Amino acid sequence: MAIRIERRAAATQAQGIEPGYAQTARRWPSQPLVLRPHTPSELSGPQVQRCLPEIRGDLAGYGERRALGQLIRLRVRVADEDGAPLPGTVVEAWHCNAAGKYIHPNDSHDAPVDPNFYGAARLVAGENGLVELRTIKPGAYPVPDTDGWWRPPHVHFSVWGRVWLSRLVTQMFFPGDPLNDADVILNAIRDPEARGRCIARLVPSKTSELIYEYQLVVRGRKASPGLP
Amino acid sequence: MTRRGVSHLVPTAEMTLGPFFPREFAEGVNDLAKGAQGEAIEITGRVVELDGRPLDNLVLEIWQADGAGRLDNPDFSGWGRAATDAQGSYRFRTIRPGAIAGRAPHINFLVLYSGLMRQLQTVMFFDSSDDPVLHSVEQARRSRLVAVRINANSYRFDIRLRGGDETPFFDD
């Protein structure tokens, strides 16, 4: 099936440099990005599920091995721009523990490690494009060398769509957190509706887990051969 | 939003990878040549920011055709991922890609990192041959997309995100 990739409205995506985030000015190219034609190389893509096995569908654990923090369940639907679900798509997720500490050795934040929490999972979307992750709600943490910037609780996602240009790496936020309003990364999305779609929706739960629903939309629409 | 009567969802906003991408996710997936048909090659390089400072734990992903220029070979994934070390160095082992119709042999590169608000896309070529993507870059900058041949099976492809002689990146 032929896929086409259309340009996105600028306000729905971050631009390169954010004054509140010093490293952006050292890393984003100074030259304008180059527009290129799309050929089969960009409009096809790898079957990454052959390289990347599922890892840890549950980060919260049970009993004596339960991670500390508020139990949550994330129900994430992966779809393309036509709204079609993408079964079989690989989704990677990672986040810090309830105290705001990552498992990564480069994290120097003075917060405790939770021996029962390992914050990295890889899942494959089911038939309706859904992945479910049982985990704990991540904490907030201060960003070093900034003027009081705290990252609100968030979950990182890395997703593959149908083709190479559908690749999506993003972050999901939680509703109602006052830190959301000042976060440099979330507010780099200028369009309020697009920004709002980066915040999960809390839905009623009759279990011991808070349930959040979220949608990840990857780039790509089915090409219509009959149209110019 | 509807268009031609079909629903249209706006693609989710990209955000930075952040500094704490799990090391585990980038382990054991930088050798595409293992068990594959074709001529094995090695690609190494360094990734630096402004002032040439090397970047640690930056993630590169590649996507390429197989040795015959096929993009749908069930026995060759065409995909790999490597993270840079503290010196900014990365390494891939892969198969020399064949030419796809209308394109010179090339390897697509994706750059993900803390401080990059969106992914960056670039392409490695083996020589400065005629290619529509290479030729979309102004002539003076094209050589930055051509890997340096170290020997018959080894190439060097350095990536400079920003600064003089920076790598050209693509907008899609």
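**Figure 1. A four-stranded open sheet in chain A with mixed pairing.** In this predicted model, four strands of chain A form an open sheet in the order β6-β3-β12-β11, and their pairing is mixed. The edges are held by β6 (130-136) and β11 (201-203) of chain A. Each of these two has a single partner strand, so one side of each is left without a neighbour in the sheet. On average, neighbouring strands of this sheet are turned by 30° against each other, direction ignored.

**Figure 2. The pairing of β3 and β12 in chain A.** Which way do strand β3 and strand β12 of chain A run, parallel or antiparallel? Strand β3 (residues 71-79) and strand β12 (residues 210-217) run parallel. Eight bridges join these two strands of chain A. Within the view, A:Val76 stands opposite A:Tyr214, a residue of β12(A).

**Figure 3. An antiparallel open sheet in chain A.** Another open sheet of chain A has four strands in the order β5-β4-β9-β10. The pairing in this sheet is antiparallel. Its edge strands are β5 (120-124) and β10 (168-173) of chain A, and each pairs on one side only. Direction ignored, neighbouring strands here are turned by 20° against each other on average.

**Figure 4. The pairing of β4 and β5 in chain A.** Strand β4 (residues 90-94) of chain A runs antiparallel to β5(A). How many bridges join β4 to β5(A)? There are five bridges between the two strands. The edge strand β5 of chain A covers residues 120-124, and A:Ala121 in β5(A) stands opposite A:Ala93.

**Figure 5. Chain B, a chain of strands without helices.** Chain B has twelve strands and zero helices. Read from the N terminus on, its elements run β-β-β-β-β-β-β-β-β-β-β-β. The radius of gyration of chain B is 17 Å, close to the 16 Å that the globule rule gives for 172 residues, so chain B is as compact as a globular protein of that length. The C-alpha trace of chain B spans about 50 × 40 × 40 Å along its principal axes.

Figure 6. What share of the 172 residues in chain B is buried? Buried residues make up 47% of them. A residue counts as buried if 20 or more other C-beta atoms lie within 10 Å of its own. Among the contacts in chain B with a separation of 6 or more, 65% are between residues 24 or more positions apart.

Technical notes:
Residues are numbered from 1 along each chain as its sequence is written. Chains are lettered from A and ligands numbered from 1 in the order in which they are written. This is a predicted model: local features need pLDDT of at least 70, side-chain atom pairs count only at pLDDT 80 or more; totals for chains, interfaces and linings use all residues. Two strands pair if DSSP finds at least two bridges between them. Axes are lines fitted to C-alpha atoms, for helices over the stretch in contact, and angles run from 0 to 180 degrees between N-to-C directions. The radius of gyration is taken over C-alpha atoms; the globule rule is 2.2 Å times the number of residues to the power 0.38. A residue is buried if 20 or more other C-beta atoms lie within 10 Å of its own, exposed if 12 or fewer, and partly exposed in between; C-beta atoms are placed from the backbone. Two residues are in contact if their C-beta atoms, placed from the backbone, lie within 7 Å.
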